[in-house]
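Subject: Structure for you

Hello,

Here is the structure we talked about handing over. Please open it alongside this note.

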Amino acid sequence: QVQMVESGGGLVQAGASLRLSCVGSGRTFITAVMGWFRQAPGKEREFVAAISWNGGVTHYAESVKGRFTISRDNAKNTVYLQMNSLRPEDTAVYYCAAEVNYSGANYVTDNADRYDYWGQGTQVTVSS
């Protein structure tokens, strides 16, 4: 089983940066596909970014491409989301998620239904 705790959210002005962290526990974290999703009030949860188990493959939503960067440090069981040039429309609760990777293949997915474990979320608020 994988348990995850997000941190790093906060209130910032448009144009600022934040770095979210997600610390995982459990042996499966190292080979898990990791993703970041977000949910704004009154909206459905949406995919933000994902990274393969060894960091070799990444995938981003079009809305964040070029502004956000996902990375991971398996030695620290941590995945990061560096968010630059934040916009008010980035305001949401951000969740990290883990998909257990039974095959060991180097892949990513943006399908929330594929993820097995979720963190509790961290609030990001961007003021204009």
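A salt bridge here is a side-chain nitrogen of Lys or Arg within 4 Å of a carboxyl oxygen of Asp or Glu. By that rule there are five salt bridges. This is a predicted model, where local features need pLDDT of at least 70, side-chain atom pairs count only at pLDDT 80 or more, and totals for chains, interfaces and linings use all residues. Numbering runs from 1 along each chain as its sequence is written, and side-chain values use heavy atoms, with hydrogens and water left out.

Start with Arg38. Arg38 sits in strand β4, residues 33–39 (strands are DSSP runs of E, at least two residues, numbered from the N terminus). Its relative accessibility is 5%, so Arg38 counts as buried (buried is under 20% relative accessible area, exposed over 50%, partly exposed in between, with a 1.4 Å probe and protein chains only). Arg38 forms a salt bridge with Glu46 at 2.5 Å, N to O. Glu46 is partly exposed, at 35%.

Next, Arg67 and Asp90. Their closest N and O atoms are 2.8 Å apart, in a salt bridge. Arg67 lies in the loop between β6 and β7, and Asp90 in the loop between β8 and β9, so the pair ties together parts 23 residues apart in sequence. Both residues are buried. Salt bridges with shared partners link Arg38, Glu46, Arg67 and Asp90 into one network.

One more pair: Lys65 and Glu62 form a salt bridge at 2.7 Å. Lys65 is partly exposed, at 46%. Glu62 is exposed, at 64%.

Best wishes

Technical notes
Helix = DSSP H or I, 4+ residues; strand = E, 2+ residues; numbered from the N terminus.
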